[in-house]
Amino acid sequence: MAATAMFPLETVLFPYTPLALRVFEERYLKMLGAALESHQPSFGVVLIERGSEAGGGDTRFHTGTMARIVEVAATERDIELLVVGGERIEVGAWWNDEAYPTAEVHTIAELTWDPALAPLRAEAEKHVRRVLTRAALSSGSRWDPNIEISDDPLESSWQLAAIAPLGPIDQLELLRSSSLAGLLARLIDLTLEAEQILTATFDGCRDDGESGLTA
């Protein structure tokens with residue numbers, strides 16, 4: 001089996017979801033050059049468990065997503081990429097990082113849509129957009145609460161997981177889902193938990209502000 005080029009990140013990439021990247025480190029510029037020579041330019045993305053994106057020496061989770069390159073733009077200092085998440089992958093073994101990280105990967109089976117899941121998907125979207133609006137107002141958010149998502153129910157389910165205001169470990173849990181029903185149900189649970197944290201943080205800040213005014 002051929003080695004797959006890998007790009008460990010501090011971000012989870014979901015299927016059917018875009019991700020903007022800036023490539024500046026020498027080893028990843030080499031990786032990008034090799035990827036762009038292929039018929040369908042892509043590389044694997046996994047979440048970093050410990051360490052940082054630059055410099056090497058990181059440890060990585062084994063579940064990830066193939067990133068399909070759709071746009072490339074060069075600046076004076078780096079390369080800017082736009083990728084879209086493809087199939088999910090599981091790393092069987094890391095090969096070496098001498099030039100850039102490579103691994104043996106296996107494709108994870110695609111989840112399947114069942115029309116009976118339509119009410120659950122609608123409920124998930126309702127909660128995600130509400131809590132995303134709350135996050136945007138209180139602490140800022142990467143995603144616009146009114147962002148358009150796919151009309152395809154499977155694609156949009158993954159996109160809802162991507163835009164929900166969750167941390168990377170929660171996102172990784174969603175990426176590992178073995179069924180679409182499980183993905184949507186867990187997405188709702190995690191989003192409601194995030195809403196509780198946002199509410200507590202907002203109330204705490206408000207109380208601190210009130211006490212400061214009356215001191």
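Before the first stop, a word on burial: buried means under 20% relative accessible area, exposed means over 50%, and partly exposed is in between (1.4 Å probe, protein chains only). You're looking at a predicted model, where local features need pLDDT of at least 70, side-chain atom pairs count only at pLDDT 80 or more, and totals for chains, interfaces and linings use all residues. Residues are numbered from 1 along each chain as its sequence is written, and side-chain values use heavy atoms, with hydrogens and water left out.

**The whole chain**

Start with a cartoon view. Trace the elements from the N terminus and they go β-β-α-β-β-β-β-α-α-α-α. Of the 215 residues, 42% count as buried. Contact here means heavy atoms within 4.5 Å. Take the contacts between residues at least 6 apart in sequence, and 65% of them join residues at least 24 apart.

**Stop one: an aromatic cluster**

Select F7, Y28 and F43, which form one aromatic cluster. Rings of Phe, Tyr and Trp (its six-membered ring) pair if their centres lie within 6.5 Å; planes under 30 degrees apart count as stacked, over 60 as edge-to-face and the rest as tilted. That rule gives three aromatic pairs. In one of them, the ring centres of F7 and Y28 are 4.3 Å apart with planes at 20 degrees, so this pair is stacked. F7 belongs to strand 1 (residues 4-9) and Y28 to helix 1 (residues 26-36), so the pair ties together parts 21 residues apart in sequence.

How buried are these two? F7 has 6% relative accessibility, so it counts as buried, and Y28 counts as buried too, at 2%.

Now turn to F7 and F43: this aromatic pair is tilted, at 5.8 Å centre to centre and 55 degrees between the planes. F43 sits in strand 3 (residues 42-50), 36 residues from F7 in strand 1, and the pair links these distant parts of the chain. Both F7 and F43 are buried.

**Stop two: a charge over a ring**

Next, show R60 and W94. The charged end of R60 sits over the ring of W94, 4.4 Å from its centre. To count, NZ of Lys or CZ of Arg must be within 6 Å of the ring centre and within 35 degrees of the ring normal.

**Stop three: two helices side by side**

Which residues meet where helix 3 and helix 4 touch? W158, A161 and A162 in helix 3 meet Q171, L174 and L175 in helix 4. Colour helix 3 (residues 153-163) and helix 4 (residues 168-175): their axes come within 10 Å and cross at roughly 165 degrees. Axes are lines fitted to C-alpha atoms, for helices over the stretch in contact, and angles run from 0 to 180 degrees between N-to-C directions. Angles over 145 degrees count as roughly antiparallel, under 35 as roughly parallel, 65 to 115 as roughly perpendicular and the rest as oblique. Helix 3 and helix 4 are therefore roughly antiparallel.

Stay in helix 3 and pick S157. S157 is buried, with a relative accessible area of 0%. Leaving out residues up to four places away in sequence, S157 touches W113, R121, L180, L183 and L184.

**Last stop: a loop residue**

Finish at Y16, in the loop between strand 1 and strand 2 (18-23). Its phi is near 65 degrees, a positive value in a residue other than glycine. With a relative accessible area of 27%, Y16 is partly exposed.

Notes
Helix = DSSP H or I, 4+ residues; strand = E, 2+ residues; numbered from the N terminus.
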